[in-house]
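Here are my notes on the structure, written as numbered points. Please read them with the structure open beside you.

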Amino acid sequence: MAAFVLPPPAPTTLAVAGTDAVFPVGRVFCIGRNYRWAAGETRPDAMPAWFMKPASAVVPAQGVLPYPPGTTDFCHEIELVVAIGQGGRDIAPADAEARHIWGYAAGLDLTLRDLQQQAKQAGGPWEAAKAFDHAAPCTPLVPATVGGHPRQGAIWLAVNGVERQRADLADLLWPVPELVAMLSRSVALRPGDLIFTGTPAGVGPLQAGDTLAGGVAGIGQFTLHVHTP
Ligand code: MN
């Protein structure tokens, strides 16, 4: 084998709840709008958009969250995170849970909303708004062999003790098996991939000094302190 000219980057890993083992994070896919944000809103016919974050944006959801540079609108989006254990392309929805999903976590799709709005207006890419360092905190993963496949249960987020987001996993417009199937028609999924499944209504800005708490029932919960820039 050829020698590396630099030491290869260490893999990003996520803790696995209840064990000393870790999950190697490959790629991070994020699903766009996938809950009703207003009463009576109908499910669009088209599947939601998806985008990516680098694996390096994944950090444990604990301790300090640095307020990122270059923004004045640093926003929280609480999401159910799906971890892929077996890859594949053109996965049938009926096979997603049985064969491909390894486990679940609670995560944050942190977003620089001002930069995202600028990108939307300019017709430009979203990476500056979505792919910054520490942009994807996650709780430890719960293996499906232990926790099953959650179809319902609360997903919530509070800032300084005031609830901002609350929904039920049953409210997902496109359920998890459909999302896995959809992504696998565009990209061959690989073991280690994470999928952030969209956030409920109530997204909003964070300030330095805020304490952020959130979670998904039966999967995980976290507390984070937003660090003064
Ligand atoms: Mn999101």
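**Notes on the predicted model**

1. Tyrosine 67 has a relative accessible area of 13%, so tyrosine 67 is buried, the limit for that label being under 20%. The model is a predicted one.

2. Phenylalanine 74, at 0% relative accessibility, also counts as buried. Tyr67, Phe74 and Phe132 are joined by ring pairs into a cluster.

3. How many aromatic pairs are there by the rule used here? The count is 5. One of them is formed by phenylalanine 51 and tryptophan 126: the ring centres are 5.5 Å apart and the planes stand at 55°, so this pair is tilted. The two residues come from distant parts of the chain, 75 residues apart. Phenylalanine 51 belongs to strand E4 (residues 50-53), while tryptophan 126 is in the loop between helix H2 (113-122) and helix H3 (127-130). Phenylalanine 51 is buried at 13% relative accessibility, whereas tryptophan 126, at 28%, is partly exposed. For tyrosine 67 and phenylalanine 74, the ring centres are 5.2 Å apart and the planes are at 75°, so that pair is edge-to-face. A pair of aromatic rings is described by two values, the distance of the centres and the angle of the planes.

4. Side chains of opposite charge can pair when their charged atoms come close.

5. In H2, the buried residues are Arg113, Asp114, Gln116 and Ala119. Among the elements that cover these buried residues are strand E7 (74-76), E10 and H3.

6. How many salt bridges does a search of the whole structure find? The search finds 9. One of them joins glutamate 41 to arginine 33, with the closest N and O atoms 3.0 Å apart. Both partners are partly exposed: glutamate 41 has a relative accessible area of 23%, and arginine 33 is at 40%.

7. Aspartate 95 and arginine 99 form another salt bridge, the closest N and O atoms being 3.8 Å apart. Both residues lie in helix H1 (residues 93-100), and their separation of 4 residues is about one turn of the helix. An α-helix has 3.6 residues a turn, so residues three or four places apart point the same way. Aspartate 95 is partly exposed, with a relative accessible area of 23%.

8. Arginine 166 and glutamate 163 also meet through their side chains in a salt bridge, at 2.9 Å from N to O. Glutamate 163 counts as partly exposed, its relative accessibility being 43%.

Key. Residues numbered from 1 in each chain as written. Predicted model: local features only at pLDDT ≥ 70, side-chain atom pairs only at ≥ 80, totals over all residues. Heavy atoms only, no water. Phe/Tyr/Trp six-rings, centres within 6.5 Å; stacked < 30°, edge-to-face > 60°. Buried < 20%, exposed > 50% of the residue type's maximum accessible area, 1.4 Å probe, protein only. Contact = heavy atoms within 4.5 Å. Salt bridge = Lys/Arg side-chain N within 4 Å of Asp/Glu carboxyl O.
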